[in-house]
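Dear colleague,

Please find the structure below for your review. My findings follow it, grouped by region.

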Amino acid sequence: KCICAVSAKAITTQPVIAIKKTGVVMLKEVYDTIVKGSGNGGNGTKMTCPISGTKIKEKDVIELKKGASGFAASGEVVASKYTPTMT
């Protein structure tokens, strides 16, 4: 089970942000409110990592993609049954 480094909430299917410089992983909603949002006057020009205090830029932030559910019924069919014919 993974948790957000800032809010300590469990990460399940929510959008997630990773900071390249520090390696901190947090929920996107926490990133938007604390790092980009009202904590910096709303302009997002002086962003700092909430855990280490390191200055970061927009290019240091990676939005992680969530994987598939892992169930066989989800997603597209990748393979089909091969039935050879006698010709």
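Predicted model: local features only at pLDDT ≥ 70, side-chain atom pairs only at ≥ 80, totals over all residues.

Val25, Ile62 and Leu64 together form a nonpolar surface patch of about 200 Å². Isoleucine 62, one of the patch residues, sits in strand S7, which spans residues 61-64. Isoleucine 62 counts as partly exposed because its relative accessibility is 35%.

Overall architecture

The chain has 87 residues, of which 21% count as buried. Its secondary structure consists of 1 helix and 7 strands, and the order of elements from the N terminus is β-β-β-β-α-β-β-β. The accessible surface amounts to about 6,800 Å², and carbon and sulfur atoms contribute 57% of that area. Among contacts with a sequence separation of 6 or more, 38% are between residues 24 or more positions apart.

The helix and its packing

Helix H1 covers residues 28-36, and its buried residues include Val30, Tyr31 and Val35. These three lie on the same side of H1, because the arc they cover around the axis is only 100°. As a general point, an α-helix has 3.6 residues a turn, so residues three or four places apart point the same way. Which strands do the buried residues of H1 pack against? They pack against S3, S4 (25-27), S5 (47-48), S6 (55-56) and S7.

Isoleucine 19

Is isoleucine 19 buried or exposed? With 2% relative accessibility, isoleucine 19 counts as buried; the cut-off for that class is under 20%. Isoleucine 19 belongs to strand S3, residues 16-19. Apart from neighbours within four places in sequence, isoleucine 19 makes contact with Val24, Met26, Cys49, Ile56 and Asp60. The C-alpha atom of isoleucine 19 is also separated by 9.1 Å from that of lysine 59, a residue 40 positions away along the chain.

Salt bridges

How many salt bridges does a search of the whole structure find? The search gives 3, and I describe each in turn.

In one of them, the side chains of lysine 9 and glutamate 29 meet at 3.5 Å, N to O. Lysine 9 is in the loop between strand S1 (2-3) and strand S2 (10-11), whereas glutamate 29 is in helix H1, so this pair ties together parts that are 20 residues apart in sequence. Lysine 9 is partly exposed, with a relative accessible area of 44%, and glutamate 29 is likewise partly exposed, at 48%.

Another salt bridge joins the side chains of aspartate 60 and lysine 21, with an N to O distance of 3.9 Å. This pair links distant parts of the chain, 39 residues apart: aspartate 60 lies in the loop between S6 and S7, and lysine 21 in the loop between S3 and S4. Aspartate 60 is buried, with a relative accessible area of 8%, while lysine 21 counts as exposed at 53%. Leaving out neighbours within four places in sequence, the contacts of aspartate 60 are Ala18, Ile19, Lys20 and Lys21.

The remaining salt bridge brings together the side chains of aspartate 32 and lysine 28, at 3.3 Å from N to O. Aspartate 32 and lysine 28 are separated by about one helical turn, because they are 4 residues apart in helix H1. Aspartate 32 is partly exposed, with a relative accessible area of 29%, and lysine 28 also counts as partly exposed, at 25%.

Cysteines

A disulfide is a covalent bond between the sulfur atoms of two cysteines. How many disulfides does the count give here? The count comes to 0 disulfides, the criterion being a pair of cysteine sulfur atoms within 2.5 Å. Cysteine 4 is buried, with a relative accessible area of 1%. Cysteine 49 is buried as well, with a relative accessible area of 2%, and is one of the residues in contact with isoleucine 19.

With kind regards

How values were computed
Residues numbered from 1 in each chain as written. Heavy atoms only, no water. Patch = residues over 30% accessible without salt bridge, like charges linked within 9 Å, V, L, I, M, F, W, Y side chains within 5 Å. Areas by Shrake-Rupley, 256 points an atom, 1.4 Å probe, with all protein chains shown as cover. Salt bridge = Lys/Arg side-chain N within 4 Å of Asp/Glu carboxyl O. Helix = DSSP H or I, 4+ residues; strand = E, 2+ residues; numbered from the N terminus. Buried < 20%, exposed > 50% of the residue type's maximum accessible area, 1.4 Å probe, protein only. Contact = heavy atoms within 4.5 Å. Arc of directions from axis to C-beta.
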